[in-house]
Amino acid sequence: NKRKSPTADGGVVGGGDGFGRVISRIKALGVQSVYCWHALFGYWGGLHPHERGVRRFRPKVVLPRHTPGLLSVEPSQAWDPISVGGVGTADPDKLAEFYEELHLYLAAAGVDGVKVDGQAMVGGLGRGLGGGPNLARHLHAALEKSVKRHFPTNGLINCMCHSTENIFNFGDSALARVSDDFYPTNNASHTVHLANVAYISMFMGEVVVPDWDMFHSLGDAGPLHAAARAVGGCPVYVSDSPGKHDFNLLRQLVFPSGKVLRAKLPGRPTRDSLYADACRDGVSSLKVWNRNEIGGVVGCFNIQGAAWSRKKGIFVFQYESAADVPSVVASVRPEDVEGMVTRDTDASSSQEFVIQAHRTRSLSLLRPGQRMPDLLLGPKEWEVYTVCEVLSARGVKWAPVALDQMLNGGGALESCSLTRAAHGVKEGAAEGKGGKGGGSKGVVGETLLYGCGALVCYSSVEPVEIEVDGARVRAKWRASDGNLVVPLGPREGTHAVVVRF
């Protein structure tokens with residue numbers, strides 16, 4: 001008999017299995033959205049032809065026939081259990097019905113979206129059906145139509161989908177995993193994971209929003225993964241075991257509300273990393289750049305020491321011990337963030353940038369063509385740099401840089417300006433009371449940002465007055481490097497900051 005769908009509140013429509021009550025209990029704990037996993041063909045091996053509940057979809061077991069190109073890249077596909085045992089594929093004319101029934105059941109239980117895995121197999125299953133691309137076209141059209149109907153927020157994560165049969169048939173779906181699986185207990189896999197997502201995003205990022213997959217916050221690779229997600233322009237997922245969390249690390253990625261500061265673009269290698277073997281050459285760091293609404297961000301990583309072995313079919317260490325993995329040197333310049341430096345030579349000569357290092361909190365002023373001092377990174381070490389253009393008016397140089405303590409703190413900034421005040425110094429600011437190095441310049445800096453805590457700015461002189469959301473606040477200014485820290489308070493939300501000089 002056709003399975004009936006439980007309702008989200010635990011009630012049952014025509015009989016049920018309690019799944020709706022499970023989802024309700026999860027959401028009662030404060031979880032806003034729940035996604036469910038299923039494979040493109042239902043489960044790994046598809047639908048069983050003799051299973052009474054799925055006979056109406058007329059499934060047939062098909063042995064995949066992989067292309068020579070795929071087998072040359074991944075020979076193990078020839079003896080993969082699915083390749084040997086086959087996949088139960090629904091009749092193409094029944095695909096829409098299959099997804100509709102599956103997603104109706106999930107949506108009625110309160111599920112908000114699906115992660116659809118196992119898509120890589122589609123290219124080898126198109127024999128007699130017009131080929132893999134034709135089968136993929138029908139599959140994705142039926143899948144996305146059903147998702148659109150039952151999960152109106154476009155709740156679809158594509159997974160194991162790197163073949164062009166899949167990618168070029170994404171119509172409405174926007175999110176796709178660009179990595180191999182996350183292997184929490186395989187220490188050799190963590191550094192390779194970062195290389196995979198950064199370089200694959202070069203291609204897939206032109207079509208989808210790259211998903212860099214989950215990670216564990218606790219453990220020696222947790223900070224490495226977290227820093228990568230901060231510059232990746234990707235969603236942030238953790239798959240921590242209950243009670244095993246590094247909350248200090250997670251707070252640098254996620255606000256109390258659960259919101260994240262996601263960069264605007266897919267994270268991609270900088271130009272000087274494009275042709276470097278950052279996993280195996282013993283000298284290169286991996287540098288990943290991205291843009292925010294204001295400024296940009298660059299992540300530097302030492303991911304030397306391990307790689308995928310095609311001969312063994314596993315991730316392997318290249319050194320006998322972790323102590324043997326070499327340190328590498330990373331150096332950041334404004335040009336690492338594509339589009340930050342204008343191509344007009346005359347205009348770029350007047351540009352100036354401030355770069356903040358997340359871990360050391362240091363600020364540096366650079367012009368185009370200049371580099372930060374070399375940074376020595378030990379095994380699995382990293383640094384995240386926020387890059388912002390400095391604004392100037394009447395001898396004042398100023399720039400809002402980043403939300404303090406956040407890995408991609410520059411992602412909090414929504415707008416900024418530095419202008420001459422219409423009537424000079426605001427009424428109430430005493431003449432000549434600018435403080436050390438400051439003065440009544442009649443210049444106003446303004447920025448709008450989201451978050452809580454404190455805002456780090458660069459300021460060449462000490463401000464006369466600072467307001468946050470219309471109320472005066474006391475800020476800390478450091479003359480040695482222009483570091484200006486403006487308190488925002490504990491309220492998470494949008495804040496308007498006005499700095500007067």
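## The largest pocket

In this predicted model, the lining of the largest pocket is made up of 25 nonpolar, 14 polar and eleven charged residues. The pocket has a volume of about 1,700 Å³, and among the 50 residues that line it, Leu70, Val73, Glu74, His162 and Asp180 lie nearest its centre.

Helix H2 (68-73), H7, strand E11 (306-309) and strand E12 (314-317) are the elements that contribute two or more residues to this lining. H7 provides the largest share, with five residues.

## The second largest pocket

The second largest pocket holds about 1,300 Å³ of space and is lined by 28 residues, of which Ser33, Pro235, Val236, Tyr237 and Gly258 lie nearest its centre. Sorted by class, its lining has 18 nonpolar, six polar and four charged residues, and the largest share, three residues, is drawn from strand E1 (residues 35-39).

## The chain as a whole

The chain contains ten helices and 25 strands, and its C-alpha trace spans about 90 × 55 × 45 Å along the principal axes. Of its 501 residues, 50% count as buried. When contacts between residues at least 6 apart in sequence are considered, 71% of them join residues at least 24 apart.

## Nonpolar cores

The largest nonpolar core comprises 33 residues, and Leu286, Phe301 and Ile303 are those with the most contacts inside it. At least two residues of this core come from each of helix H7 (189-204), helix H8 (222-231), strand E9 (286-291), strand E10 (296-301) and strand E17 (382-389). H8 gives the most, with six residues.

Once its neighbours within four places in sequence are left aside, isoleucine 303 is in contact with Thr191, Leu194, Ala195, Ala278, Cys279 and Leu286. Apart from this core lies another, of 32 residues, which includes Tyr105, Leu106, Leu143 and Leu156.

Valine 283 is placed in the loop between strand E8 (268-269) and E9. Is this residue buried or exposed? Valine 283 counts as exposed because its relative accessibility is 57%, and the cut-off for that class is over 50%.

Not counting residues up to four places away in sequence, valine 283 touches Gln304, Val328 and Val329.

## Aspartate 481, between strands E24 and E25

Aspartate 481 sits in the loop that runs between strand E24 (476-478) and strand E25 (483-500). Which residue does the side chain of aspartate 481 join through a polar contact of 2.8 Å? The partner is arginine 478, and the contact is made between the two side chains.

A polar atom of the aspartate 481 side chain also lies 3.1 Å from the backbone nitrogen of asparagine 483. Beyond its neighbours within four places in sequence, aspartate 481 is in contact with Leu363 and Tyr458.

Note on methods: Residues are numbered from 1 along each chain as its sequence is written. This is a predicted model: local features need pLDDT of at least 70, side-chain atom pairs count only at pLDDT 80 or more; totals for chains, interfaces and linings use all residues. Side-chain values use heavy atoms; hydrogens and water are left out. A nonpolar core is a set of buried Ala, Val, Leu, Ile, Met, Phe, Trp, Tyr and Cys residues joined through side-chain atoms within 4.5 Å. Buried means under 20% relative accessible area, exposed over 50%, partly exposed in between (1.4 Å probe, protein chains only). Helices (H or I, at least four residues) and strands (E, at least two) are DSSP runs, numbered from the N terminus. Contact means heavy atoms within 4.5 Å. A polar contact is a pair of N or O atoms within 3.5 Å; within protein, one must be able to donate a hydrogen and the other to accept it, and residues adjacent in sequence count only if both atoms are side-chain atoms. On a 1 Å grid over the protein atoms alone, a cavity is a set of points where a 1.4 Å probe fits but cannot get out, and a pocket is an open set with protein on both sides within 12 Å along at least five of seven lines; lining residues have an atom within 4 Å of a point. Grid points are joined across faces, edges and corners, and a volume is the space filled by probe spheres set on the points. Ala, Val, Leu, Ile, Met, Phe, Trp, Tyr, Cys and Pro count as nonpolar, Asp, Glu, Lys and Arg as charged, and the others, Gly among them, as polar.
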